[in-house]
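Trainee: I have a list of labels for this structure and would like to know what stands behind each of them. Can we take them one at a time?

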Amino acid sequence: MKFALAYWHWFFLAQPYPLPEKLIGADPDWFFGHRPGRRSVFAPEAEDDYLRCYRNPETIHAACEDYRAAATYDFALDEADRGRKKIAAPLLVLWSTRGLLPAYDVLGIWRDWADDVRGRAIESGHFMAEEAPDETYAALRSFFGP
């Protein structure tokens with residue numbers, strides 16, 4: 001239950017069309033600004049741009065379609081590959097220290113899917129680039145090289 005409450009948006013946004021689109025579209029400013037556990041981590045101009053995007057019904061629909069695909073089509077493809085195919089490219093995995101992921105062996109989970117897995121937790125919440133830009137940049141720079 002703790003996981004579902006913390007990651008509720010995964011399940012909400014994947015609901016069939018048009019449920020999430022209608023609910024978000026009824027008041028996108030409220031939805032963006034009042035999600036459970038939300039605190040602003042954005043520079044004012046970035047937050048304004050997020051709000052501008054959330055006010056566009058096509059953007060809301062596209063976001064929902066991405067989550068729907070993850071829960072259906074993408075999931076089916078992953079299951080077909082499970083234990084048969086692995087990601088060939090080096091893989092960088094970064095996750096936040098705040099949330100439920102530190103309770104899991106994140107790198108171990110990804111090693112089931114790729115041979116060359118690197119990464120670590122970043123001291124942040126969900127928005128690593130905004131909350132810990134220097135640490136996030138350093139991890140990306142180290143992975144991708146000079």
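Trainee: Why is Thr 136 called buried?

Mentor: Buried means under 20% relative accessible area, exposed over 50%, and partly exposed in between, with a 1.4 Å probe and protein chains only. Thr 136 has 9% relative accessibility, so it counts as buried. The residue sits in helix 10 (residues 133-144), where helices (H or I, at least four residues) and strands (E, at least two) are DSSP runs numbered from the N terminus. Leaving aside neighbours within four places in sequence, Thr 136 is in contact with Ile 122, Met 128 and Ala 129; contact means heavy atoms within 4.5 Å.

Trainee: What kind of model do these values come from, and how are residues numbered?

Mentor: This is a predicted model, in which local features need pLDDT of at least 70 and side-chain atom pairs count only at pLDDT 80 or more, while totals for chains, interfaces and linings use all residues. Residues are numbered from 1 along each chain as its sequence is written, and side-chain values use heavy atoms, with hydrogens and water left out.

Trainee: How many helices and strands does the protein chain have?

Mentor: The protein chain has 10 helices and 2 strands. From the N terminus on, the order is α-α-α-α-α-α-α-β-α-β-α-α. Of its 146 residues, 25% count as buried.

Trainee: What makes a group of residues a nonpolar core?

Mentor: A nonpolar core is a set of buried Ala, Val, Leu, Ile, Met, Phe, Trp, Tyr and Cys residues joined through side-chain atoms within 4.5 Å. The largest one here has 7 residues: Leu 91, Val 93, Trp 95, Val 106, Leu 107, Ala 114 and Val 117. Strand 1 (91-96) and helix 8 (106-111) each supply at least two residues of this core, and the largest share, 3 residues, comes from strand 1. Apart from it lies another core of 6 residues, including Phe 12, Leu 13, Phe 31 and Ile 60.

Trainee: Which residues does Leu 107 touch, leaving aside its neighbours within four places in sequence?

Mentor: Leu 107 is in contact with Val 93, Trp 95, Val 117, Arg 118 and Gly 119.

Trainee: Is Trp 110 buried, partly exposed or exposed?

Mentor: Trp 110 has 34% relative accessibility, so it counts as partly exposed. It is in helix 8. Together with Ile 87, Leu 101, Tyr 104 and Ile 109, Trp 110 forms a nonpolar patch on the surface, with about 430 Å² of accessible area together. Patches are made of residues with over 30% relative accessible area and no salt bridge, like charges being joined within 9 Å and nonpolar side chains (Val, Leu, Ile, Met, Phe, Trp, Tyr) within 5 Å. Accessible areas come from the Shrake-Rupley method with a 1.4 Å probe, and for residues only the protein chains shown count as cover.

Trainee: What makes Asp 49 and Arg 52 a salt bridge?

Mentor: A salt bridge is a side-chain nitrogen of Lys or Arg within 4 Å of a carboxyl oxygen of Asp or Glu. For Asp 49 and Arg 52 the N to O distance is 2.8 Å. They are 3 residues apart in helix 5 (residues 44-54), so about one helical turn separates them. Both are partly exposed: Asp 49 at 37% and Arg 52 at 49%.

Trainee: Where in the chain are the partners Asp 115 and Lys 86?

Mentor: Their side chains meet in a salt bridge at 3.3 Å, N to O. The pair links distant parts of the chain, 29 residues apart: Asp 115 is in the loop between helix 8 and strand 2 (117-122), and Lys 86 in the loop between helix 7 (73-81) and strand 1. Asp 115 is exposed at 63% relative accessibility, while Lys 86 is partly exposed at 44%.

Trainee: How many salt bridges does the structure hold?

Mentor: The structure holds 11 salt bridges.
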